[in-house]
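Subject: Handing over a model

Hello,

Here is the structure I promised to pass on. Please open it first, then read the notes below.

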Amino acid sequence: MTAPEQVTPTASRLLAPNPSPMTLDGTNTWILRDPGESACVVVDPGPLDDGHLDRIVAAGPVALIVLTHGHLDHSEAAPRLAELTGAPVVARDPAWCRDAPTLEPGRYDGVAGVDWLTILTPGHSSDSVCLLLERDGVLLTGDTILGRGTTVVAHPDGRLADYLDSLQRLRDLAETEVHTLLPGHGPVVENPLVILDFYRTHRRERLEQVRAAVAAGDTTAAAVVRRVYADVDPVLWHAAELSVQAQLDYLAAGG
Ligand SMILES: [Zn+2]
């Protein structure tokens, strides 16, 4: 059985076996453990997969399960892991919480010696959060920032105005407090300012391309995708359509 890969003094990674064009190498399940403690906090247990669950349980004892958001590639295993370990589940969406209140912005204290700041970062989804491990200068980003490429604004739940605002706030944090991003998919990010600037530039460029496509007569998200995302693998076009719909809404609202 593969042991978790230690990435920072507090965080180690278990890679779920669900690679795809959308999930990159698979979902990163993050195991947070204070060096002096035996119990751990599990962030994003991932898809319901027995082998992956076995590896998470073996990395325990599990004191708490946290979800960065409710998309199933991050959350599906949470209820089963809670059953197996007795650990509560916390998330921004109360539907996922179990034996614990909804995640609120601000400090979450002292679970197995691990504490963090919860930062609400809606945009990819309405319930997305990032977790800042202040002592380590580490930010767990879920799908708000990925380790490779860019993410989707998952219309209609995800909204572009929210996402741009979240990116700005994360960039402010990266200027002072954060030097490493632990994403929900893909490799660890050691240059957060560069990546956050890339995300913001990319979003602005795409928005201008969508604006131009509409001006050129495209009337549907699918038509805009064929024009604007011609350079992107067609297996991603459905996801791109969600992002385009989010961009069309943003433009229609005067963005
Ligand atoms: Zn997601």
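Which residues are exposed on the other side of α4? They are Glu175 and Thr176. Exposed means over 50% relative accessible area, buried under 20%, and partly exposed in between, with a 1.4 Å probe and protein chains only.

Some ground rules. This is a predicted model, so to speak: local features need pLDDT of at least 70, side-chain atom pairs count only at pLDDT 80 or more, and totals for chains, interfaces and linings use all residues. Residues are numbered from 1 along each chain as its sequence is written, and side-chain values use heavy atoms, with hydrogens and water left out.

**Helix α4**

Helices (H or I, at least four residues) and strands (E, at least two) are DSSP runs, numbered from the N terminus. Helix α4 covers residues 160–176, which makes 17 residues. At 1.5 Å a residue it should span 24 Å; the expected span is 1.5 Å times one less than the number of residues. The end C-alpha atoms of α4 are 25 Å apart, which agrees.

The buried residues of α4 are Leu160, Tyr163, Ser166, Leu167, Leu170, Arg171, Leu173 and Ala174. They fall within an arc of 160 degrees seen down the axis, so they line one face of the helix. The arc is that of the directions from the helix axis to the C-beta atoms. The buried residues of α4 pack against β8, β9, β10 (138–142), α5 (192–215) and α7 (237–252). Contact here means heavy atoms within 4.5 Å.

**The core**

A nonpolar core is a set of buried Ala, Val, Leu, Ile, Met, Phe, Trp, Tyr and Cys residues joined through side-chain atoms within 4.5 Å. The largest one has 34 residues. Leu139, Ile145, Leu170, Tyr199, Tyr229 and Val244 touch the most other members. Two or more residues of this core come from each of β9, α4, α5, α6 (221–228) and α7. Leaving aside neighbours within four places in sequence, the contacts of Ile145 include Tyr163, Leu167 and Leu170.

**The zinc site**

Which residues are the protein donors of the zinc ion? They are His69 (NE2), His71 (ND1), His124 (NE2) and Asp143 (OD), lying 2.2 Å from it. Donors are N, O and S atoms within 2.8 Å of the metal (3.2 Å for Na, K and Ca); water is not among the atoms, so sites may look incomplete. The angles among the 4 donor atoms run from 89 to 165 degrees, and the site is irregular. Four donors count as tetrahedral if all angles lie between 85 and 135 degrees; four count as square planar and six as octahedral if opposite donors are over 155 degrees apart and all others between 65 and 115; anything else is irregular.

Along the chain, the donors follow the spacing H-x1-H-x52-H-x18-D. His71 lies in the loop between β5 (62–66) and α2 (72–75), and His124 in the loop between β8 (114–120) and β9 (129–133), so the pair ties together parts 53 residues apart in sequence. His71 is partly exposed at 26% relative accessibility. His124 is buried at 5%.

**Backbone points**

The peptide bond from Gly60 to Pro61 is cis, with omega near 10 degrees. Asp44 has a positive phi of about 60 degrees although it is not a glycine. Asp44 is buried, at 1% relative accessibility.

Best wishes
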